[in-house]
Amino acid sequence: MIRFRFGLTPVHDIQPWGGDAPSLSWFSLTDGWYDIEADGRHLFRHGADGTSVDYYVVRLWEDVLDVLPEALEPVPADLVAFMAGDHTRWLPADSPDTEAAVTWYGQHALDTGYLRTAPHIRWWRTTAEAGTTS
């Protein structure tokens with residue numbers, strides 16, 4: 001089970017953006033906090049106090065929508081072990097198949113590079129034909 005948890009900052013506490021003519025944009029109105037809970041684990045909580053990400057909630061929404069088309073495509077059976085493996089142990093290999101697999105792998109990562117302590121989250125699924133479901 002995956003749960004998207006979030007809260008929004010009250011409008012009267014949001015600071016308008018802009019120099020001479022400050023305004024509230026729809027993006028700034030999503031100021032708040034967020035977390036993703038998967039199987040009881042909080043993916044964005046960090047620190048001793050377990051705080052969630054304090055950022056614009058729309059950023060998570062946009063990033064999930066960006067990765068969603070690839071995440072909904074089943075992993076080809078011959079790439080299941082590759083997707084489940086430890087990407088930090090890959091050795092560079094100069095072959096078109098390896099480059100295609102690495103590109104495919106990268107298209108399933110949620111963009112969290114804008115966060116100071118960012119988790120690495122990959123979205124992928126398999127089908128019954130591949131032997132397991134995720």
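This is a predicted model: local features need pLDDT of at least 70, side-chain atom pairs count only at pLDDT 80 or more; totals for chains, interfaces and linings use all residues.
Figure 1. The backbone of Asp 39 has a positive phi of about 50°, although Asp 39 is not a glycine.

**Figure 2. Asp 35, a buried residue of strand 2.** Asp 35 lies in strand 2. The relative accessible area of Asp 35 is 0%, so Asp 35 counts as buried. The side chain of Asp 35 makes a polar contact with the side chain of His 42, at 2.6 Å. A polar atom of the Asp 35 side chain also lies 3.4 Å from the backbone nitrogen of Leu 43. With residues up to four places away in sequence not counted, Asp 35 touches Arg 3, Phe 4, Arg 5, His 42, Leu 43, Phe 44, Arg 45 and Ser 52.

**Figure 3. Ile 36 and its contacts.** Ile 36 is placed in strand 2. Ile 36 has a relative accessible area of 1%, and therefore it is buried. Along the chain, Ile 36 and Phe 4 are 32 residues apart, but their C-alpha atoms are separated by 4.7 Å. Neighbours within four places in sequence are left aside in the following list. Ile 36 is in contact with Ile 2, Arg 3, Phe 4, Arg 41, His 42, Leu 43, Phe 44, Leu 60, Leu 110 and Trp 123.

**Figure 4. Ser 28 in the loop between strand 1 and strand 2.** The loop between strand 1 and strand 2 contains Ser 28. Is Ser 28 buried or exposed? With a relative accessible area of 1%, Ser 28 is buried, because buried means under 20%. Residues touched by Ser 28 are Ile 14, Trp 17 and Tyr 56, not counting residues up to four places away in sequence. Ser 28 and Val 58 are 30 residues apart in sequence, and the distance from C-alpha to C-alpha is 8.9 Å.

**Figure 5. His 108 in the segment after helix 3.** His 108 is found in the segment that follows helix 3 (96-106). The relative accessibility of His 108 is 1%, so this residue counts as buried. A polar atom of the His 108 side chain lies 2.8 Å from the backbone oxygen of Glu 70. Glu 70 is also among the residues in contact with His 108 when neighbours within four places in sequence are left aside.

**Figure 6. The largest pocket and its lining.** The volume of the largest pocket is about 610 Å³. Its lining has 20 residues, and the closest to the pocket centre are Ile 2, Ala 38, Ile 121, Arg 122 and Trp 123. Strand 1 (2-8), strand 2 (31-38) and helix 1 (57-72) are the elements that give two or more residues to this lining. Helix 1 gives the most, with 5 residues. By type, the lining of the largest pocket divides into 14 nonpolar, 2 polar and 4 charged residues.

**Figure 7. The second largest pocket and its lining.** The second largest pocket has a volume of about 200 Å³. Which residues line the second largest pocket? They are Phe 4, Arg 5, Phe 6, Thr 30, Tyr 34, Val 57, Val 58, Leu 60, Trp 61 and Val 64. Strand 1 and helix 1 each supply at least two residues of this lining. Helix 1 accounts for the largest share, 5 residues. The lining of the second largest pocket consists of 8 nonpolar residues, 1 polar residue and 1 charged residue.

**Figure 8. The protein chain as the setting for the close-ups.** The protein chain has 3 helices and 4 strands, and along the sequence they follow the pattern β-β-β-β-α-α-α. The chain has 134 residues, of which 28% count as buried. Among contacts between residues at least 6 apart in sequence, 57% join residues at least 24 apart. The accessible surface of the chain comes to about 9,100 Å², and 55% of that surface belongs to carbon and sulfur atoms.

How values were computed: Residues are numbered from 1 along each chain as its sequence is written. Side-chain values use heavy atoms; hydrogens and water are left out. On a 1 Å grid over the protein atoms alone, a cavity is a set of points where a 1.4 Å probe fits but cannot get out, and a pocket is an open set with protein on both sides within 12 Å along at least five of seven lines; lining residues have an atom within 4 Å of a point. Grid points are joined across faces, edges and corners, and a volume is the space filled by probe spheres set on the points. Ala, Val, Leu, Ile, Met, Phe, Trp, Tyr, Cys and Pro count as nonpolar, Asp, Glu, Lys and Arg as charged, and the others, Gly among them, as polar. Buried means under 20% relative accessible area, exposed over 50%, partly exposed in between (1.4 Å probe, protein chains only). A polar contact is a pair of N or O atoms within 3.5 Å; within protein, one must be able to donate a hydrogen and the other to accept it, and residues adjacent in sequence count only if both atoms are side-chain atoms. Contact means heavy atoms within 4.5 Å. Accessible areas come from the Shrake-Rupley method with a 1.4 Å probe; for residues, only the protein chains shown count as cover.
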